[in-house]
Amino acid sequence: MTERPTSGTERNLAVRLAASRLTTRAVMMVERAWPLLLPLLLVVALFLSVTWLGLFARLPDMARFAIVALFGGAALAALYPLRFFSLPTASEIDSRIEAANALLHSPLRVQTDRPGGEAGEFAQALWREHQKRMAARLGSLGTDLPSTGVARRDPWAVRSVVALLLVVSLAFSYGPQGGRISDAFSAAGTRDAVPPRIDAWVTPPGYTGKPPIFLSTDATRKDGTFTVPQGSDVTVRITGGANDETVVYAEASGSSREIKPDAPAKTDAAANSPAPVNAVHQFNGKLITDGALVLKSGNDELGRWAFAVTPDVAPQIRFAGEPRRAANGTAEINYQIDDDYGPAKALAEFKLAEQQAPDARPLYGAPEMPLALPRRGAKNNAARTTKDLTDHVWAGASVKVTLEATDGAGQTARSETKTWTLPERPFANPLARAVIEQRRLLALDANARPRVLDLMDAITLRPEDTFDSMSNYLGLMSARSRLKLAGTDDELRGVVSYLWDLALGIENGSLSNAEKRLRQAQQALQDALQNGASDEEIDKLMKELRQAMADFMRELAQRNPQGKEQPLPDDARVLSENDLKRMMDQIEDLAKSGDRDKAQQLLSELQDMMNNLRTARRQNQGQQNSEMRQQMDKLGEIMRRQQEMMNETYRTDRQQRRQDGEEGTDQEMPGQQGQRRPDSNEGQQNGAGGDKPMTPEEFADALKQLQEGQGKLKNDLDKLKKDLEGMGMEPNEGFGEAGRSMGDAEQSLGGGESGAAVGQQGRALEALRRGAKDMMQQLQAMQGDDGNAQGRRDRGSSRDPLDRPTRSDGPDENSSVKVPDQIDMQRAREILDAIRKRLGNALSPDIERSYLERLLNLK
């Protein structure tokens with residue numbers, strides 16, 4: 001029998017029947033499995049709810065293990081009903097589809113049934129026709145929803161309560177008190193109330209000047225090694241955690257040391273209360289050698305940091321030359337100190353080279369001389385310290401000097417020992433020398449008091465032959481009485497101090513006190529500059545220095561009245577009061593502008609100048625030399641007037657440019673940089689714009705006055721040239737160039753070109769300086785041709801202790817010593833003011849503020 005071909009209708013029916021049967025199979029499996037799985041799901045939901053609510057984290061281990069075991073048993077019991085689960089058969093699926101679609105006469109099962117027995121062709125045709133009619137009823141097949149029957153088994157809806165509890169516990173688990181599934185299987189000592197937060201950093205010692213190093217987890221995971229100075233403090237702070245963390249430092253040598261946590265101070269109430277959830281535990285230790293810092297919680301490693309420790313090298317100190325006596329009698333020591341981070345302190349240690357008597361009872365110990373530390377960046381780490389030790393009782397004695405330096409880590413270095421005679425103050429008066437000798441005997445050995453009394457009696461035996469002043473006699477008798485009545489060492493030391501003041505009074509009267517105050521003022525200012533004192537303190541110390549300088553010069557002038565000077569030695573040098581005043585002004589300006597190093601250097605030069613000061617004036621100068629000096633003074637006056645005129649022209653030009661709206665072009669004008677006076681109030685007038693703008697009429701009048709002044713100055717220069725030629729001098733080309741530049745400036749001022757005039761006036765001033773320098777050289781050559789002692793003194797005294805021409809010899813062109821002039825200092829002040837103004841702007845970026853603070857040395 002040939003197989004009948006399958007039609008398209010039959011194929012579509014087969015697809016629909018397959019889809020319907022698949023869906024119905026799934027529905028029937030859910031109906032049968034859900035009631036069997038529900039007990040297990042309820043047990044799991046209850047377990048998760050208890051865990052997420054954090055109950056396991058608060059139970060002791062025994063109770064927690066019992067509950068976990070109970071849940072485990074319930075879960076196993078809930079698995080027992082699953083043994084009754086069976087998959088639906090094909091006939092059951094077809095019957096479910098027919099029932100769901102209300103099909104009569106089983107049309108779905110007819111499609112798979114066959115006639116019973118052996119049917120003939122007619123029977124087969126009749127059966128196919130029956131199937132065809134039944135298939136016509138299967139045009140739209142559907143399925144019903146699962147019917148589990150759980151409501152009959154759970155009439156109290158306990159399953160809903162469990163589901164609601166599960167949702168609430170899940171939300172609670174995200175809070176700080178929520179639990180984790182692992183809490184049910186972890187011992188109480190290994191559970192954290194909250195995830196710990198770890199902060200770790202290294203703080204280098206303060207003397208190294210290095211910033212703290214913050215340790216990151218990423219760096220440790222990459223086996224990064226941190227390089228730190230020796231003696232650095234490592235800190236590990238843990239917030240939260242299980243309070244069982246340990247920190248161990250494993251040294252490279254193989255040994256380990258545990259770092260104990262800091263013990264926080266607790267009150268009685270705090271000690272009885274439970275530990276807070278977010279408790280903070282901090283560990284602090286020192287890094288001495290290479291190694292690794294390991295942080296653990298139980299057996300878990302929370303962090304590891306490797307360190308390469310840089311050893312702190314001990315300092316080295318040595319003499320840079322022999323100790324010597326400075327020109328003013330102070331002790332001067334030059335030395336070098338080398339250290340990796342810079343020394344913390346240094347001092348000079350003195351010991352008497354001479355052997356003292358076994359029973360000697362000295363009243364004073366060795367003199368103290370702290371050493372100044374080298375400035376950062378100093379060449380060869382060299383430094384110099386001077387101190388007036390002439391008033392110490394060891395002055396004039398042979399001593400052994402050893403230098404000692406200590407770094408920030410406490411390491412000490414000592415230099416070689418040198419034998420040196422400590423400088424003493426020379427006394428010309430025999431009586432003063434005798435008093436000093438008695439003072440030294442008493443100070444070095446208090447047991448020598450009877451001998452000192454005998455010496456005093458010998459001196460006062462014939463006062464009319466020994467004393468020139470009754471006050472000196474009375475002073476010595478007072479000292480004798482005090483010495484005789486002294487009963488303690490403190491009273492004896494008071495007598496020693498009194499003898500020193502008495503010797504100074506005999507030698508120099510009140511001048512010694514003035515000199516002492518001057519030295520104290522210089523030393524106080526030097527210390528303030530080195531320690532970074534404020535501008536107010538600098539002002540105060542500068543006033544004290546000026547007052548002490550004035551007192552010293554006045555006392556010195558009283559002791560050397562005009563016409564009573566002694567002949568000067570060949571190498572004598574003269575320093576005018578104007579030079580001293582100008583140097584003090586420069587020191588103050590440099591200190592206020594922030595350049596403290598240059599201010600200290602200039603102050604040291606001032607001290608050297610005072611050490612070599614000679615105040616006697618030359619008398620027997622020839623008439624020609626005197627006239628020459630007058631002409632040089634006139635040249636200095638012309639230079640000063642030219643400088644002031646250039647400043648005035650610059651200010652006038654700037655005001656006019658501001659009126660024309662060209663303020664931004666000021667910096668491009670030649671010769672103008674820093675031409676403002678230090679006492680200018682330009683920053684306070686007209687807001688931040690400077691001087692008040694000028695009207696065209698005022699500008700024209702100002703230029704006319706400047707033109708007239710420039711012309712008069714040029715005439716004065718021409719007259720000076722003729723006078724110098726009449727005296728045998730040969731003015732060089734500098735004077736001619738200065739005259740031409742002055743003429744050009746006069747024409748520019750007449751034409752209203754103030755900007756061009758500023759540059760021409762600057763060139764004139766520079767030419768005048770070259771001319772003045774040449775005139776000074778000619779004057780020295782003329783004095784050297786005299787061939788007498790006076791000429792040699794003139795050559796020696798024509799320069800001050802800094803090897804500069806003195807003001808009395810003519811203008812100072814600042815050619816030998818690079819001291820900042822007025823323009824440079826004013827420019828520095830302008831820059832400093834601009835930095836401070838920018839730093840005060842709250843809108844400035846952080847990176848810019850950090851850079852400006854480093855410029856001002858605030859960090």
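Contact means heavy atoms within 4.5 Å. The model is predicted: local features need pLDDT of at least 70, side-chain atom pairs count only at pLDDT 80 or more, and totals for chains, interfaces and linings use all residues. Residues are numbered from 1 along each chain as its sequence is written, and side-chain values use heavy atoms, with hydrogens and water left out.

**Exercise 1. The whole protein**

Task: State what share of the contacts with a separation of 6 or more joins residues 24 or more positions apart. Then give the buried share and count the helices and strands.

Solution. 
- Step 1. Residues 24 or more positions apart account for 74% of the contacts with a separation of 6 or more.
- Step 2. Buried means under 20% relative accessible area, exposed over 50%, and partly exposed in between (1.4 Å probe, protein chains only). Of the 859 residues, 40% count as buried.
- Step 3. Helices (H or I, at least four residues) and strands (E, at least two) are DSSP runs, numbered from the N terminus. The protein has 26 helices and 17 strands.

**Exercise 2. The faces of α3**

Task: Compare the reach of helix α3 with its expected span. Then sort residues of α3 into buried and exposed.

Solution. 
- Step 1. Helix α3 covers residues 61–78, which makes 18 residues. The expected span of a helix is 1.5 Å times one less than its number of residues. From first C-alpha to last, α3 reaches 26 Å, close to the 26 Å expected.
- Step 2. Arg64, Val68, Phe71 and Ala78 are buried. Seen down the axis of α3, the buried residues fall within an arc of 80°, so they line one face of the helix. The arc is that of the directions from the helix axis to the C-beta atoms.
- Step 3. Met62, Ala69, Leu70, Leu76 and Ala77 are exposed, on the other side of α3.

**Exercise 3. A sheet of five strands**

Task: Give the strand order of the mixed sheet. Find its edges, then follow the pairing of β5 with β6 and with β8.

Solution. 
- Step 1. Two strands pair if DSSP finds at least two bridges between them. The order in this open sheet is β3-β9-β8-β5-β6, with mixed pairing.
- Step 2. β3 (225–229) and β6 (256–259) are the edge strands; each has a single partner, so one side of each lacks a neighbour in the sheet.
- Step 3. β5 (residues 245–251) pairs with β6 in the antiparallel sense over four bridges. Val248 has Glu258 as its bridge partner in β6. Tyr249 has Arg257.
- Step 4. The hairpin of β5 and β6 has four residues between the strands, and Gly254 takes a positive phi near 110° there.
- Step 5. β5 also pairs with β8, antiparallel, over seven bridges. Glu245 has Ser297 as its partner in β8.

**Exercise 4. The nonpolar cores**

Task: Describe the largest nonpolar core. Then look at the contacts of Ala348.

Solution. 
- Step 1. A nonpolar core is a set of buried Ala, Val, Leu, Ile, Met, Phe, Trp, Tyr and Cys residues joined through side-chain atoms within 4.5 Å. The largest has 50 residues.
- Step 2. Those with the most contacts inside it are Ile333, Ala348, Phe350, Val401, Leu403 and Leu483. Helix α15 (residues 489–508) gives the most to this core, with nine residues.
- Step 3. A second, separate core of 25 residues includes Met542, Ala548, Leu556 and Leu606.

Definitions and conventions:
Lists of a residue's contacts leave out its neighbours within four places in sequence.
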